[in-house]
Amino acid sequence: MELTEIQRKFVVHWGEMGSMWGVNRTVSQIHALLFAHGKPMHAEELSDTLGVARSNISNSLKELQAWNLVRVTHILGDRRDYFETSVDVWELFRTVVRERKEREFDPTIRVLRELVSSPDFQKEPADAQDRIRSTMDLMNKLATWADEMLRLSPGTLDKVLTLGASVQKFVRGDAAPAGKGDDPDAHHASLPMI
């Protein structure tokens with residue numbers, strides 16, 4: 001498959017961003033290619049398009065499947081496995097958040113809870129205990145927030161994110177203050193309603 005210049009830049013950039021997020025570059029590029037192309041592709045086509053060894057493609061596809069970002073599909077009359085990803089950005093966002101939470105946040109919270117409940121914890125200096133407890137508290141709040149966000153429909157999640165940005169601007173004081181004679185509730189007009 002011949003990539004357009006836009007597709008090439010998207011795939012290359014996604015690979016670079018993946019590396020910054022701790023994800024193998026080829027894994028990220030395969031995902032970007034499947035997303036941009038929007039149609040199932042077989043491993044040889046992925047290999048030829050990206051100029052990457054077939055073994056690297058195979059290992060990368062296994063990793064993407066483990067993350068629930070790529071699924072196997074088949075085409076009538078073709079015995080090869082084809083691979084596809086969701087083309088819905090909200091579904092992908094939710095998958096990444098859910099998988100990262102399960103792999104990173106939940107194990108960290110379990111360890112922090114074990115540490116705090118250990119009889120040896122009381123032997124730690126008070127300031128160290130406070131830091132560990134506050135870390136656990138933050139992790140618990142972020143995990144709860146992530147769980148709540150994952151329960152929302154994509155439309156509602158979009159509204160929540162938009163509302164959150166408006167609230168942040170308001171709290172920072174970026175919203176224009178109401179002047180004399182102005183409607184005192186006018187500054188609320190810019191806040192989107194859910």
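Buried means under 20% relative accessible area. Ser47, with a relative accessible area of 11%, is therefore buried. The model discussed here is predicted. Its protein chain holds 7 helices and 3 strands. Of its 194 residues, 28% count as buried.

**Overall layout**

- Along the sequence, the elements follow the pattern α-α-β-α-α-β-β-α-α-α.
- Among contacts with a separation of 6 or more, 54% join residues 24 or more positions apart.

**Helix α2: ends and span**

- Helix α2 covers residues 25-37.
- α2 has 13 residues and reaches 18 Å from its first C-alpha to its last. That is close to the 18 Å expected at 1.5 Å a residue.
- At the start of α2, a side-chain oxygen of Asn24 comes to within 2.7 Å of the backbone nitrogen of Thr26.
- Gly38 follows α2. The phi of Gly38 is positive, near 75 degrees.

**Helix α2: buried residues and cover**

- Buried residues of α2 include Thr26, Val27, Ser28, Gln29 and Ile30. His31, Ala32, Leu33 and Leu34 are buried as well.
- The cover over the buried residues of α2 includes the helices α1, α3, α4 and α5. The strands β1 (41-42) and β3 (78-84) also contribute to that cover.
- Thr26 sits in α2. Its relative accessibility is 9%, so Thr26 counts as buried.
- Beyond its neighbours within four places in sequence, Thr26 is in contact with Val52, Asn56, Ile57 and Ser60.

**Gly18 in helix α1**

- Gly18 belongs to helix α1, which spans residues 5-20.
- The relative accessible area of Gly18 is 1%, which means that Gly18 is buried.
- Not counting residues up to four places away in sequence, Gly18 touches Val23 and Ser28. Ser28 is one of the buried residues of α2.
- Gly18 and Gln29 are 11 residues apart along the chain. Their C-alpha atoms are separated by 8.2 Å.

**Ser47 in helix α3**

- Ser47 lies in helix α3, residues 43-50.
- A polar atom of the Ser47 side chain lies 2.5 Å from the backbone oxygen of Val52.
- Leaving aside neighbours within four places in sequence, the contacts of Ser47 are Val52, Ala53, Arg54 and Ile57.

**Asn68 in a loop**

- Asn68 is found in the loop between α4 and β2 (71-75).
- Most residues other than glycine have a negative phi.
- Asn68 has a positive phi of about 60 degrees, although it is not a glycine.

**The largest pocket**

- The largest pocket has a volume of about 670 Å³.
- Its lining is made up of 26 residues. Trp21, Leu92, Val96, Val97 and Arg100 lie nearest the centre of the pocket.
- Helices α1, α2, α4 (54-66), α5 (89-117) and α6 (126-151) each supply at least two residues of the lining.
- α5 gives the most, with 9 residues.
- By class, the lining has 19 nonpolar, 3 polar and 4 charged residues.

- The 26 residues of α6 should span 38 Å at 1.5 Å a residue. The end C-alpha atoms of α6 are 38 Å apart, which agrees.
- Buried residues of α6 include Ala128, Gln129, Met136 and Met139. Ala143, Ala146, Met149 and Leu150 are buried too.
- An α-helix has 3.6 residues a turn, so residues three or four places apart point the same way.
- The buried residues of α6 pack against α5 and α7 (154-172).

**Glu148 in helix α6**

- Glu148 has its place in helix α6.
- With a relative accessible area of 41%, Glu148 is partly exposed.
- The side chain of Glu148 makes a polar contact of 2.7 Å with the side chain of Arg151.

Definitions and conventions: Residues numbered from 1 in each chain as written. Predicted model: local features only at pLDDT ≥ 70, side-chain atom pairs only at ≥ 80, totals over all residues. Heavy atoms only, no water. Helix = DSSP H or I, 4+ residues; strand = E, 2+ residues; numbered from the N terminus. Buried < 20%, exposed > 50% of the residue type's maximum accessible area, 1.4 Å probe, protein only. Polar contact = N/O pair within 3.5 Å; in protein donor to acceptor, adjacent residues only side chain to side chain. Contact = heavy atoms within 4.5 Å. 1 Å grid on protein atoms, 1.4 Å probe; cavity = no way out; pocket = protein on both sides within 12 Å on 5 of 7 lines; lining within 4 Å. Points joined across faces, edges and corners; volume = space filled by probe spheres on them. Nonpolar A, V, L, I, M, F, W, Y, C, P; charged D, E, K, R; others polar. Expected span 1.5 Å × (residues − 1).
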